[in-house]
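Hello,

Here is the structure you asked for. My notes on what was found in it follow below.

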Amino acid sequence: MNPAELGSPWASALSSLVTFAAGAFVPLAPWLIATGPRVAPVSFVLGWQTRRHVLWSAMRQVFVISLAAGLTFLVGWLLGTAAS
């Protein structure tokens, strides 16, 4: 592998960011352009197209959200604040 023939690390990072953001945006798009009870099923179908196992995706989402909520709670507790 010749380092002179490799692409820019910044270009790789930017293209990765753009593709991940575009993929994450697809299931959210219906919520930005419509309202009502039909939006959730459309969003679900668009998210289903990722070809990932639904249970794995749901568990990962719950884990990440729980981690973020727990960290937020911990910081608030350490600072002596409370939500009202």
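Helix α2 (residues 29-33) contributes the most to a nonpolar patch, with three residues. The patch covers about 610 Å² of surface and is formed by Phe25, Leu28, Trp31, Leu32 and Ile33. Patches consist of residues with over 30% relative accessible area and no salt bridge, with like charges joined within 9 Å and nonpolar side chains (Val, Leu, Ile, Met, Phe, Trp, Tyr) within 5 Å. A salt bridge is a side-chain nitrogen of Lys or Arg within 4 Å of a carboxyl oxygen of Asp or Glu. Accessible areas come from the Shrake-Rupley method with a 1.4 Å probe, and for residues only the protein chains shown count as cover.

This is a predicted model: local features need pLDDT of at least 70, side-chain atom pairs count only at pLDDT 80 or more, and totals for chains, interfaces and linings use all residues. Residues are numbered from 1 along each chain as its sequence is written, and side-chain values use heavy atoms, leaving out hydrogens and water.

Ile33 is in helix α2 and is exposed, at 74% relative accessible area. Buried means under 20%, exposed over 50%, and partly exposed in between (1.4 Å probe, protein chains only). Phe73, in helix α4, is also exposed, at 61%.

The protein chain has four helices and zero strands. Helices (H or I, at least four residues) and strands (E, at least two) are DSSP runs, numbered from the N terminus. Of the 84 residues in the protein chain, 6% are buried.

Regards
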